[in-house]
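Dear colleague,

I am handing over a structure for you to look at, and my notes on it follow directly below. Please read them with the model open beside you.

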Amino acid sequence: DEREGGFWSDWVTHYTHAGLQAAVQAGRMETDPASSRNAQALVLTCERVLLFDARSWELQQVVALSGIQGITLSPYSESLFILRLHHGSDLLVDTAPAVRSRLIEELQVMTRIVAAMWGGDDFNESTRIDYNTSNILSLLDDERSPTGTLAFLEKNVFLLLPYQPRSAFLVDADTFYFGLLDMYCTEVAAYFFILKSGVGEARRLIWCLHPNDEFGVGEVPLTR
């Protein structure tokens, strides 16, 4: 019984509190990933993950343990994690590093309890943990198709963008490095710079106004 199985809880910052699609579309305060609405309480039981609004304690989302595909971690953050679901959009969640470690431990324990109780192909023996070393990660929708891009500028600093496969940021060649830089000409202007590590003409430094622009404002070839 869920009521007798115990629970674990702590505070989290849920960047996809309004859904993944809404989180990567700028311009709406109520769905802004950085708004105060992202403050939630995560409660883990032996059957489900429940997310409550930290101010009103209204239940915002319920995820069955059997619906969790795994957790993706990045070396660029000790607190952020992506909760991957079998039949739902990814959840992007942040919390204190110690809380994240404890959550993963508790989630694996609870998943093993559910597997022992019910078994079957819908239940994994424990939650799969994926350590992804890339500084660019895809966020998947409920059909497991890329919908957002999580791009780390540096440790603990990231961009949350709509997935745009034709953007200068993602197309043509591997993005070796990227970030915000000022260009000094007749006046100072801020651009998003992308260093491509391809072969031949694909190896170049591009600068654009937005990471999802298909064409840069300018570029410098890096071929010898």
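Ser74 touches Asn132, Ser134, Leu137 and Phe152 once its neighbours within four places in sequence are set aside, where contact means heavy atoms within 4.5 Å. Ser74 itself lies in the loop between strand S5 (68–73) and strand S6 (80–85), the strands here being DSSP runs of E with at least two residues, and the helices runs of H or I with at least four, both numbered from the N terminus. With a relative accessibility of 10%, Ser74 counts as buried; buried means under 20% relative accessible area, exposed over 50%, and partly exposed in between, with a 1.4 Å probe and protein chains only. The C-alpha atoms of Ser74 and Tyr131 are separated by 5.9 Å, although the two residues are 57 apart along the chain.

Before going further, please note that this is a predicted model, in which local features need pLDDT of at least 70 and side-chain atom pairs count only at pLDDT 80 or more, while totals for chains, interfaces and linings use all residues. Residues are numbered from 1 along each chain as its sequence is written, and side-chain values use heavy atoms, with hydrogens and water left out.

As to the whole protein, there are 2 helices and 15 strands, and the C-alpha atoms fill a box of roughly 70 × 35 × 30 Å along the principal axes. Of its 224 residues, 43% count as buried, and of the contacts between residues at least 6 apart in sequence, 44% join residues at least 24 apart. The accessible surface comes to about 12500 Å², with 51% of it belonging to carbon and sulfur atoms; accessible areas come from the Shrake-Rupley method with a 1.4 Å probe, and for residues only the protein chains shown count as cover. There are 17 positive and 30 negative side chains, and the centres of the two sets lie 3 Å apart. For that count Lys and Arg are positive and Asp and Glu negative, whereas His and the chain ends are not counted, and the place of a charge is taken as NZ of Lys, CZ of Arg, CG of Asp or CD of Glu.

S5 and S6 run antiparallel and are joined by 4 bridges, and Gly70 stands opposite Arg84 in S6.

A second open sheet has 3 strands in the order S9-S10-S11, with antiparallel pairing. Its edges are strand S9 (136–140) and strand S11 (157–162), each with a single partner strand, so one side of each is left without a neighbour in the sheet. The twist averages 25° from one strand to the next. S9 and S10 are joined by 5 bridges, and Leu137 has Leu150 in S10 as its bridge partner. Strand S10 (residues 146–154) pairs with S11 over 6 bridges, with Thr149 opposite Leu161 in S11.

Which residue takes a positive phi in the hairpin of S9 and S10? In that hairpin, which has 5 residues between the strands, Arg144 has a phi near 60°, and at 23% relative accessibility Arg144 counts as partly exposed. Trp57, in the loop between strand S3 (48–53) and S4, also has a positive phi near 60°, and with a relative accessible area of 48% Trp57 is partly exposed.

Finally, Phe176 is found in strand S12 (residues 175–184) and is exposed, with a relative accessible area of 57%. Leaving aside neighbours within four places in sequence, Phe176 is in contact with Leu195 and Ser197, while His87, 89 residues away in sequence, is 32 Å from Phe176, C-alpha to C-alpha.

Key
Two strands pair if DSSP finds at least two bridges between them. Axes are lines fitted to C-alpha atoms, for helices over the stretch in contact, and angles run from 0 to 180 degrees between N-to-C directions.
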